Amino acid sequence: EAYLIALGIVANAASLGRWLAAPWPRRPLRQWAALAVLLVLCVQPLLLRGMMAAREALADIRELYGHEYQLAQSFGRHPIDGALLLGDLGMITYYSDMPIVDTGGLATLELIEQARENRYDRDLVLRVARSHGVRVSIAGNPAAGAESWICVAEWTALAEPHPDPTYFFVADPETAAALERNLHTFVAEGGGRDTRLVFPSATPGLCPGPR
């Protein structure tokens, strides 16, 4: 939609420029008044849509800064050995050099079929994650039962109207200790603004069960 709006502005501006440069015909005042009213009626919805889009964009930018950008900065400054399991490509893949496994299938072809069929095969995700050396997951707990991964933290972006927490799960105790240490360091450096970071060591029963 953003590309279409930008192309529409350019196309309309180009057409308007040619129209203004052409000699204006002689018309009665009533016809010019009618043309002005018609022009206002045509332009008013575009202006209204533009104002709404700008307002929505500002709100989305604030949410992106408070959530995805802060997560990306955390992994970018303090990467963890191994790959990262996530469910949405975006800023993390831009700011971080960590290898990833994408449950949406866009960056991991082994998982593209489940995305097409709108399903989540936990066993398949776990197998692919292990084959790619995933040590950290922000796409839920990929395992269940005795294989259940360790929940390290709950990350909530307070800038979002309806905050949806992100949970950090790790495959082993060594990675859990390293990730918790990195998150504490990131916050001490001034990161995680407008974010509530809670650790299950201080709040038992914090994290949900397997997806």
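Reader: In what order do the elements of the protein chain run from the N terminus on?

Author: This is a predicted model. The protein chain has 6 helices and 6 strands. From the N terminus on, these elements run α-α-β-α-β-α-α-β-β-β-α-β.

Reader: What share of the residues of the protein chain count as buried?

Author: Buried means under 20% relative accessible area. The protein chain has 211 residues, and the part that counts as buried is 32%.

Reader: Which strands does S1 pair with in the parallel sense?

Author: S1 covers residues 83-86, and S3 covers residues 134-137. These two pair over 3 bridges, with Leu 85 bridged to Ser 137 in S3. On S2, Leu 84 stands opposite Ile 100. S1 is joined in parallel, by 3 bridges each, to S3 and to S2.

Reader: Which residue is the bridge partner of Glu 154 in S6?

Author: S4 (residues 150-157) and S6 run antiparallel. They are joined by 4 bridges. In S6, the partner of Glu 154 is Val 198.

Reader: Are the residues of S1 buried or exposed?

Author: Ala 83 and Leu 85 point one way from S1. Leu 84 and Leu 86 point the other way. Whichever way they point, all are buried.

Reader: Why does Leu 84 count as buried?

Author: Leu 84 is found in S1. It touches, among others, Phe 75, Ile 92, Met 98, Val 134 and Val 136. The cut-off for buried is under 20% relative accessible area. Leu 84 counts as buried because its relative accessibility is 0%.

Reader: How many Å separate the C-alpha atoms of Leu 84 and Gly 133?

Author: Along the chain, Leu 84 and Gly 133 are 49 residues apart. Gly 133 follows H5 and has a positive phi, near 75 degrees. The C-alpha atoms of Leu 84 and Gly 133 are separated by 8.4 Å.

Reader: Which elements do the buried residues of H5 pack against?

Author: At the start of H5, a side-chain oxygen of Asp 121 comes within 3.2 Å of the backbone nitrogen of Asp 123. The buried residues of H5 are Leu 124, Val 125, Leu 126, Val 128 and Ala 129. They pack against S1, S2, H4 and S3.

Reader: Which backbone nitrogen does the side chain of Asp 102 reach?

Author: Asp 102 is in S2 (residues 100-102). It is buried, with a relative accessible area of 2%. Its contacts beyond four places in sequence include Leu 86, Gly 87, Thr 108 and Leu 111. At 3.3 Å, its side chain reaches the backbone nitrogen of Ala 107.

Reader: Is Asn 118 buried or exposed?

Author: Asn 118 is in the loop between H4 (112-116) and H5 (122-131). Its phi is near 55 degrees, a positive value in a residue other than glycine. The cut-off for exposed is over 50%. At 72% relative accessibility, Asn 118 counts as exposed.

Reader: How far apart are the axes of H2 and H6?

Author: H2 covers residues 29-77 and H6 residues 173-188. Their crossing is right-handed. They pack at an angle of about 115 degrees, and their axes are 10 Å apart.

Reader: Which residues in H6 meet H2?

Author: From H2 come Gln 70, Gln 73, Ser 74, Phe 75 and Arg 77. By class, the contact of H2 with H6 has 4 nonpolar, 3 polar and 1 charged residues. In H6, the residues that meet H2 are Leu 179, Leu 183 and Phe 186.

Terms used:
Residues are numbered from 1 along each chain as its sequence is written. This is a predicted model: local features need pLDDT of at least 70, side-chain atom pairs count only at pLDDT 80 or more; totals for chains, interfaces and linings use all residues. Side-chain values use heavy atoms; hydrogens and water are left out. Axes are lines fitted to C-alpha atoms, for helices over the stretch in contact, and angles run from 0 to 180 degrees between N-to-C directions. A crossing is left-handed if the near helix is turned anticlockwise from the far one by less than a right angle, and right-handed if clockwise. Contact means heavy atoms within 4.5 Å. Ala, Val, Leu, Ile, Met, Phe, Trp, Tyr, Cys and Pro count as nonpolar, Asp, Glu, Lys and Arg as charged, and the others, Gly among them, as polar. Buried means under 20% relative accessible area, exposed over 50%, partly exposed in between (1.4 Å probe, protein chains only). A polar contact is a pair of N or O atoms within 3.5 Å; within protein, one must be able to donate a hydrogen and the other to accept it, and residues adjacent in sequence count only if both atoms are side-chain atoms. Two strands pair if DSSP finds at least two bridges between them.
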